[in-house]
Amino acid sequence: MNAKKLLTRSVSGLVYIGIIIGCALWGIFPFTWMAALFGLIATIEFEKITHEINRATLPALFLDIAGVICLAFSWMLYPLLIWIFVLICRLTLQLYVKSDTPLADLARSMMTQLYIGVPLGIMACIGNWWNLHLVLAIFMMIWINDTGAFIVGSLLGRHRLFERISPKKSWEGFFGGLVFNLIAGFIFCSYFANFFGLYREYPMAVWIGMGAVVTVFATWGDLVESMIKRDLHIKDSGNIIPGHGGILDRIDSLLLVMPAALIYLCLTA
């Protein structure tokens, strides 16, 4: 990677991180609107790479976008009720669309809701039910895991983690990200527990366990998107973030991390 591409990638990455941190510190409504915007872009990217978007498919796309946005606000009752109505409309719409693959069309819409909308809604729910600083801690663990996996994998990577899906990932990189996140959990608990919202009465094991959960499910989340892109024979989901690809490429880890984090928090915190 040349210096210009590295600079572009670094700047766009910092802007992306800055938006997330800024919205998390601002409040639940700005953060939820950010999640909705991410969902809107990711939905367009996903549907664009999985089928042709044209005049005939636009109504279904609009309903899928509306569903994902409603799910982002599903920590409130009325958006959740609207989402149920949107889901009914989407199923009914397929009756009036002339398509040779109606089941595949519906499956694509349902996957959009499940794969993109539900995790983003869960992320906002964690922010509302616990606090946004905790969501920020989860984001930081995702970034720390990526950094640790890249550093250790680049230096020591020999044994392929999942060669059929992602030839570059290694077991050494996975355990590197895990160690980095276990250390992050220790540091968060020791020095920043009050800020991140799991206060000092929660044991160190909860924080360290969160680091392990994030590492495992962030890796699976990345592999799931890699599987989708490999099946579609594409490199990136889009190009909205210079040097990084699309929004879906950036949020692939959190799409599995947030549901797993919610289950973990309900069981331990």
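## Two helices side by side

Contact here means heavy atoms within 4.5 Å, and helices are DSSP runs of H or I, at least four residues long, numbered from the N terminus. With that in hand, look at where helix 3 meets helix 4: Pro59, Ala60, Leu63, Asp64, Ala66, Gly67, Cys70 and Leu71 on the helix 3 side meet Pro79, Ile82, Trp83, Val86, Cys89, Arg90 and Leu93 on the helix 4 side. This is a predicted model, where local features need pLDDT of at least 70 and side-chain atom pairs count only at pLDDT 80 or more, while totals for chains, interfaces and linings use all residues. Residues are numbered from 1 along each chain as its sequence is written, and side-chain values use heavy atoms, with hydrogens and water left out.

How do the two helices pack? Helix 3 (residues 58-72) and helix 4 (residues 77-93) sit at an angle of about 160°, and their axes are 8 Å apart. Axes are lines fitted to C-alpha atoms, for helices over the stretch in contact, and angles run from 0 to 180 degrees between N-to-C directions.

## The nonpolar core

A nonpolar core is a set of buried Ala, Val, Leu, Ile, Met, Phe, Trp, Tyr and Cys residues joined through side-chain atoms within 4.5 Å. Buried means under 20% relative accessible area, exposed over 50%, and partly exposed in between (1.4 Å probe, protein chains only).

The largest core has 60 residues, and Phe31, Met123, Ile126, Phe139, Ile251, Leu254 and Met258 touch the most other members. Helix 6 (residues 132-156) gives the most to this core, with 10 residues. Leaving out residues up to four places away in sequence, Phe139 touches Tyr16, Ile20, Phe31, Met123, Leu254 and Met258.

## A buried serine and an exposed tryptophan

Ser253 sits in the loop between helix 10 (247-251) and helix 11 (254-268). Ser253 is buried, at 5% relative accessible area. Apart from neighbours within four places in sequence, Ser253 is in contact with Ile142, Phe217, Ala218, Gly221 and Asp222.

Trp26, in helix 1 (residues 3-26), is exposed at 67% relative accessibility.

How many disulfides (pairs of cysteine sulfur atoms within 2.5 Å) turn up in the whole structure? The search finds 0. Take Cys125: its closest cysteine sulfur is in Cys266, 10 Å away, so that pair is too far apart for a bond. Cys125 is buried at 7% relative accessibility, whereas Cys266 is exposed at 54%.

Conventions
A disulfide is a pair of cysteine sulfur atoms within 2.5 Å.
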